[in-house]
Amino acid sequence: MPAIILDGTKIAQEIRAEVAAKVRHFAARGRRPGLAVVLVGHNPASEIYVRGKVKACEEVGIYSEKLAPPESVTTAKMLNLIERLNRRDEIDGILVQLPLPPQVDAKRVLLAVDPAKDVDGFHPMNVGFLSTQRPGLVPCTPAGVMEILSRSNIPVAGREAVVVGRSDIVGKPAAMLLLNANATVTVCHSKTHDLPAVCRRADILVAAIGRAGMITREYVKPGATVIDVGMNTVTDPVEFQKFFAGNAKREETFRKKGSTLVGDVHPEVVEVAGAITPVPGGVGPLTIAMLMFNTLKATKMRRGRVPEALRA
Ligand code: NAP
């Protein structure tokens, strides 16, 4: 029996609707949440991401402000900009769109963001809060993975979870969240021996690798839940055929656009898994939804005690 498809688009819409309702309560009390997005230069991919984030803010009623320093900006100017945003009370969240140009010390800039406004959850203070199970801001994509699991009624406590990938923005925080939710967690990476065998232990397999279709059926225990974080663009027709031969809908999109999005999980895994997130339409939509959620959470944490009805 093919796997249940975990519909990330629907879950993201639910979260956005919940956030919008709470934003309305805050706005009615003159405390509209505010997000500042800093986009340096003209990286086309970053511009698309930032447009999506600003649009999402409009939809849920969050005030947003885009700051666009030139490509030639210096570290000192970026630090000054962040400092000014830190001081502005109506700004609850600060997001610095990565990558930054090479002359800018990205680590210093991210470290300068007030941890209370760090809606990406990348500041070492928030990393520490997560690992010591204190309230804080959690990176959006891994937080979205947990929302997919909980809102799909997939139990986590006591189960074997394997995370492939150990990046600071996805793999490590995903592993920490699963551990905090009482899973038994294994984290794999490029030096892991016999990766398929380790992955086959998983009741919950999270792939955050950045390699199109790497997780094939031999990596998956029958009935496992597979969460595919990967977003890889395939343009080579031969590679496309490897994944989607006979898939008329995909073939039509590929013909029209000359590319398609593929996860880190091979489409054949749908025949073995118990439940799986599609790409696109799985984890992707959760990332922006959780950014909205984090901006609301930052607002609540920064602006003190709030009535129970407004708690996320
Ligand atoms: P990353 O920083 O490049 O990390 C990739 C991780 O995968 C590394 O830990 C690496 O191991 C591991 N890896 C690479 N090749 C491997 C192999 N052959 N076997 C086992 N492990 C291997 O990537 P990332 O930022 O975490 O992103 C991962 C994927 O998620 C990408 O496709 C990205 O586009 C996608 N993503 C999606 C969203 C979303 O909104 N859906 C958000 C963020 C990222 P080492 O540490 O040993 O090098």
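Which residues of helix 9 (residues 237-244) are buried?

1. In this predicted model, the buried residues of helix 9 are Phe-240, Phe-243 and Phe-244. They lie on the same side of helix 9, because the arc that they cover around the axis is only 75°.

2. The face of helix 9 turned away from this buried side carries Val-238 and Lys-242, which are exposed. The cover over the buried residues of helix 9 includes strand 9 (232-234), helix 10 (248-257) and strand 10 (260-262).

3. Both ends of helix 9 deserve a remark. At its start, a side-chain oxygen of Asp-236 reaches to within 3.1 Å of the backbone nitrogen of Val-238. Just after helix 9, Gly-246 adopts a positive phi of about 85°.

4. The ligand is surrounded by 22 residues, of which Arg-166, Ser-167, Ser-190, Arg-211 and Thr-287 are the closest. The residues of this shell comprise ten nonpolar, ten polar and two charged.

5. A polar side-chain atom of Ser-190 is 2.5 Å from a ligand oxygen atom, and a polar side-chain atom of Arg-211 is 2.8 Å from a ligand nitrogen atom. From Met-231, a backbone N or O atom lies 3.1 Å from an oxygen atom of the ligand. Of the 930 Å² of accessible area that the ligand has on its own, the protein covers 71%.

Notes:
Residues numbered from 1 in each chain as written. Predicted model: local features only at pLDDT ≥ 70, side-chain atom pairs only at ≥ 80, totals over all residues. Heavy atoms only, no water. Near = heavy atom within 4 Å. Polar contact = N/O pair within 3.5 Å; in protein donor to acceptor, adjacent residues only side chain to side chain. Areas by Shrake-Rupley, 256 points an atom, 1.4 Å probe, with all protein chains shown as cover. Nonpolar A, V, L, I, M, F, W, Y, C, P; charged D, E, K, R; others polar. Buried < 20%, exposed > 50% of the residue type's maximum accessible area, 1.4 Å probe, protein only. Helix = DSSP H or I, 4+ residues; strand = E, 2+ residues; numbered from the N terminus. Arc of directions from axis to C-beta. Contact = heavy atoms within 4.5 Å.
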